[in-house]
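Hello,

I am handing over the structure we talked about, and it is shown just below. After it you will find my notes on what turned up.

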Amino acid sequence: MATGNRYGVDIRAALPADSADLSVLLGGTPRAMALRLEALSRDPGSAVLVATGWNGAAIGVIALHWHPALTADRPVARISALAVAEEERRNGIGRLLIKAGSQAARTAGCDLLEAAPEGEGAAAAFLGALGFVPAGLNLARPLRKRAQEMP
């Protein structure tokens, strides 16, 4: 999926070649990111889209996952990652990523897009400006005893 160019920014599906850029945006190593991208590329219930700048480097990313839910008639989509390079923020890139992610979720048959920003800071304000409203709280716990840190 690729969208038109706006302000020199293209939105497209993430590629293995984006691993180094995505590891800078989200943390981790390029190798670990490549393995994650490979796994997600085989999952029909997910999409990873990147925003690329004039030089082709990934300057933003959104990852989405959708699944059936007992509380909804149609699949529910959730944003699991959303990041824009700090020097590129406030340029409309996050908005473009949300728009492209929303279209991917609609194409997958979803009627609802969820996000779980941490706290009530800038991310929550950004999502609120795009029409996201409170819809419950999320909690998480490790599923393995050795898990020290949540991904």
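To start with the sheet: what is the order of the five strands, and what kind of pairing do they have? The sheet is open, its order is β1-β2-β3-β4-β5, and the pairing is mixed.

Before going on, a word on how to read the rest. This is a predicted model, in which local features need pLDDT of at least 70 and side-chain atom pairs count only at pLDDT 80 or more, while totals for chains, interfaces and linings use all residues. Residues are numbered from 1 along each chain as its sequence is written, and side-chain values use heavy atoms, with hydrogens and water left out.

**The chain as a whole**

The protein chain has four helices and five strands (helices are DSSP runs of H or I with at least four residues, strands are runs of E with at least two, and both are numbered from the N terminus). Along the sequence they follow the pattern β-α-α-β-β-β-α-β-α. Of its 151 residues, 32% count as buried (buried is under 20% relative accessible area, exposed is over 50%, and partly exposed is in between, with a 1.4 Å probe and protein chains only). Among contacts between residues at least 6 apart in sequence, 52% join residues at least 24 apart (a contact means heavy atoms within 4.5 Å).

β1 and β2 pair in the antiparallel sense over four bridges, and here Arg 12 stands opposite Val 50 of β2. β2 and β3 also run antiparallel, joined by seven bridges, with Val 48 opposite Ala 63 in β3. These two strands form a hairpin with five residues between them. In its turn, Gly 56 has a positive phi of about 85°.

β2 deserves a look of its own, since seven of its seven residues are buried. One side carries Ser 46, Val 48, Val 50 and Thr 52, the other Ala 47, Leu 49 and Ala 51, and both faces are covered.

**Two helices against each other**

Helix α1 (residues 19–26) lies across β2, β3 and β4, and runs at about 80° to β3 (axes are lines fitted to C-alpha atoms, for helices over the stretch in contact, and angles run from 0 to 180 degrees between N-to-C directions). α1 also packs with helix α2 (residues 30–41) at an angle of about 105°, the axes being 8 Å apart. That makes α1 roughly perpendicular to α2 (the term covers 65 to 115 degrees; under 35 is roughly parallel, over 145 roughly antiparallel, and the rest oblique). On the α1 side the contact is made by Ser 19, Ala 20, Leu 22, Ser 23 and Leu 26, and on the α2 side by Pro 30, Met 33, Ala 34 and Leu 37.

**The cores**

In soluble globular proteins, nonpolar side chains tend to be buried together. The largest nonpolar core here has 21 residues (such a core is a set of buried Ala, Val, Leu, Ile, Met, Phe, Trp, Tyr and Cys residues joined through side-chain atoms within 4.5 Å). Those with the most contacts inside this core are Val 9, Ile 11, Ala 51, Ile 62, Leu 64, Ile 93 and Leu 97. Two or more residues come from each of β2 (46–52), β3 (58–67), β4 (76–84) and α3 (93–107), and α3 gives the largest share, six residues. A second, separate core of 13 residues includes Leu 22, Leu 37, Val 48 and Val 61.

Ile 59 is found in strand β3 and is buried, with a relative accessible area of 10%. Ile 59 and Val 24 are 35 residues apart in sequence, and their C-alpha atoms are 9.6 Å apart in space.

Ile 79 sits in strand β4 and also counts as buried, at 10% relative accessibility. With the neighbours up to four places away again not counted, Ile 79 touches residues including Ile 62, Leu 64, Ile 98, Leu 113 and Phe 132.

Happy exploring!

Notes
Pairing = 2+ DSSP bridges.
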